[in-house]
Amino acid sequence: MDRKLLDILCCPTSKQPLALLGSAELAALNAAIAAGAVTRADGSPQAEPLAEGLVTRDRKQVYRVEDGIPVLLADEALATAQVADFPR
């Protein structure tokens with residue numbers, strides 16, 4: 001993801017800055033998705049694993065990135081509290 005774009009992106013609800021998910025975070029999230037334990041903020045299940053994602057500064061919300069485009073929709077945020085072993 002372009003660094004300049006990342007510098008200006010923020011969470012649509014909390015307005016916190018976003019950072020790219022690290023490999024350990026992404027692996028923990030995708031394992032929980034594979035187990036069917038992750039739902040979006042709107043209650044719909046997150047069925048597809050993430051190739052890339054953005055996490056808020058407080059590490060409570062994750063937004064997926066699809067084909068290099070951040071999906072910053074509040075209804076599609078993934079709460080990290082759903083992932084038991086999400087790195088803090």
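Me: Two strands pair if DSSP finds at least two bridges between them. In this predicted model, what makes β2 and β3 count as a pair?

Reply: Three bridges join β2 to strand β3, residues 61-66, and the definition asks for at least two, so the two strands pair. They run antiparallel, and one of the residues with a partner is L54, whose bridge partner in β3 is Y63. Between the strands of this hairpin there are four residues, and R59 takes a positive phi near 65°.

Me: Why is T56 called buried?

Reply: T56, which is found in strand β2, has a relative accessible area of 2%, and buried means under 20%, so the word applies. Its contacts, not counting residues up to four places away in sequence, are with C11, S14, Q16, P17, L18, Q61 and Y63.

Me: Which way do the residues of β2 point, and are they buried or exposed?

Reply: In β2, residues 53-56, G53 and V55 point one way while L54 and T56 point the other way, and all are buried.

Me: Which residues touch the most other members of the largest nonpolar core?

Reply: That core has 13 residues, and those with the most contacts to other members are L21, L29, V38, L50, V62 and V83. Helix α2, residues 23-34, gives the most to this core, with five residues. Apart from this core lies another of eight residues, among them C11, L54, Y63 and V65. If one asks why such groups might be expected, it is because nonpolar side chains tend to be buried together in soluble globular proteins.

Me: What makes the span of α2 close to the expected one?

Reply: The helix has 12 residues, and from its first C-alpha to its last it reaches 16 Å, which is close to the 16 Å expected at 1.5 Å a residue. Its buried residues are E25, L26, A28, L29, N30, A32 and I33, and they pack against β1, β3 and β5. Just after the helix, G36 takes a positive phi of about 80°.

Me: Why is the protein chain called as compact as a globular protein of its length?

Reply: The chain holds two helices and five strands, which run α-β-α-β-β-β-β from the N terminus on. Its radius of gyration is 12 Å, and the globule rule gives 12 Å for 88 residues, so the chain is as compact as a globular protein of that length. Buried residues make up 39% of the 88 residues.

Me: How do you know where the predictor's confidence is lowest and where it is highest?

Reply: The mean pLDDT is lowest in helix α1, residues 3-8, at 84, and highest in β5, at 98. Over the whole protein chain the average is 94, with 99% of the residues scoring at least 70.

Methods:
Residues numbered from 1 in each chain as written. Heavy atoms only, no water. Buried < 20%, exposed > 50% of the residue type's maximum accessible area, 1.4 Å probe, protein only. Core = buried A, V, L, I, M, F, W, Y, C linked by side-chain atoms within 4.5 Å. Expected span 1.5 Å × (residues − 1). Contact = heavy atoms within 4.5 Å. pLDDT = per-residue confidence, 0-100. Rg over C-alpha atoms; globule rule 2.2 N^0.38 Å.
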